[in-house]
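Here is a short briefing on one protein chain. Keep the sequence and the 3D view open while you read.

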Amino acid sequence: MPAGQLYDPDFVSPHDRAQIVEWLGQIHPLWEERFSGHHPPPPGQQQRRLLRPVYWLGNWQFACLDYYRPPHGVAGRCMQAEPFPPVLAKLVAAVEKLARQMFEGEEMPTGWHLNTCLVNLYGSQLAGGRRLDTARVGEHRDFEPGPVASISLGERALFQFVRSSRPGDRDEVVSQTWLEDSSLQLFGGERWKRQHFHRVQRVETKGGHGFSLRVSDFETRRVNFTFRYVPDQHVVPFAQLPPEAQTDVRGYVEQLAKQSPFFAAALASGPKPEG
Ligand SMILES: O=C(O)CCC(=O)C(=O)O
């Protein structure tokens, strides 16, 4: 494994895996749209749903608010979300210990702790009697500072780092790993966070994995949890998002509030919508 990367194929025990799957069965992931009233599609683009349903823990970064993008896009983008369930909190504590052994200095920002989790569902969209496999993620970087950890459940996925330093050369695969069921991947530092993009090229179908989740129009065969760090001062309750952002995400928070006491309380403490 190259320096700055760690891969443990057996990080999650069968017992912990079962607890995570039980928790997954209780949440209601969201189908988010890419754009919103105050962030309309740019010319030539249309409104679209994300390729997959998602759920966030710690703080929710909505696609329509364009996620967390330091140095300029940091305020009013991260909305407080539910805490990690105990099984994930326990695993995160172990991951943080590993990360502190691997990274120091500039690679380990002051105050770093994994307070954010994106839960990505990978599988097939079911629409009009057809199945459309959307189990991939195009090349991108994660902008949250410091190391990022990723736990995978279900079918194995081909995860690649691709070169980004030379224009037009982004397709050159620099490093790749098959992320197996119950594995941990950890990466950080200049090389893997900044110089290269990463992507999920494909997710296999051979392992017979499937998850029965509370999400419509979707068949899930892999679930990935990426744990990240957002400086705590940039995470605010729904009621403290700027008014335009509140308007843009209120519908999502209302959906979440139907099932989640946390989001019901967040909604109740905010201003009532106009009209
Ligand atoms: O699913 C994965 O393994 C990676 C997900 C990812 O790249 C991301 O959430 O930024």
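Predicted model: local features only at pLDDT ≥ 70, side-chain atom pairs only at ≥ 80, totals over all residues.

The protein chain has 14 strands and 5 helices.

**Overall build**
- Along the principal axes, the C-alpha atoms of the protein chain fill a box of roughly 55 × 45 × 45 Å.
- Of the 275 residues in the protein chain, 35% are buried.
- Take the contacts in the protein chain with a separation of 6 or more: 76% of them join residues 24 or more positions apart.

**A four-stranded sheet**
- An open sheet is formed by 4 strands, in the order β7-β12-β9-β10, and the pairing is antiparallel.
- At the edges are β7 (137-140) and β10 (173-179), each of which pairs on one side only.
- Neighbouring strands of this sheet are turned against each other by 20° on average, ignoring direction.
- Strands of a sheet pair through backbone hydrogen bonds, and the pairing can be parallel or antiparallel.
- Within this sheet, β9 (residues 157-163) pairs with β12 (residues 196-203) in the antiparallel sense, over 7 bridges.
- Phe159 has Val200 in β12 as its bridge partner.

- Gln185 sits in strand β11, which covers residues 183-187.
- Is Gln185 buried or exposed? Gln185 counts as buried because 23 other C-beta atoms lie within 10 Å, and the cut-off for buried is 20 or more.
- Leaving aside neighbours within four places in sequence, Gln185 contacts Tyr7, Ser150, Phe159, Thr177 and Leu179.
- How far apart are Gln185 and Tyr7 in sequence and in space? They are separated by 178 residues in sequence, and by 4.6 Å in space, C-alpha to C-alpha.
- Two of the topics meet here: Phe159, a contact of Gln185, is also the residue that bridges to Val200 in β12.

**Helix α4**
- Helix α4 spans residues 243-257 and bends by about 50° at Val249.
- Which residues of α4 are buried? They are Ala245, Val249, Tyr252, Val253 and Leu256.

How values were computed. Residues numbered from 1 in each chain as written. Pairing = 2+ DSSP bridges. Helix = DSSP H or I, 4+ residues; strand = E, 2+ residues; numbered from the N terminus. Axes fitted to C-alpha atoms, helices over the stretch in contact; angles between N-to-C directions. Buried ≥ 20, exposed ≤ 12 C-beta atoms within 10 Å, placed from the backbone. Contact = placed C-beta atoms within 7 Å. Bend = angle between axes of the 7 residues up to and from the residue.
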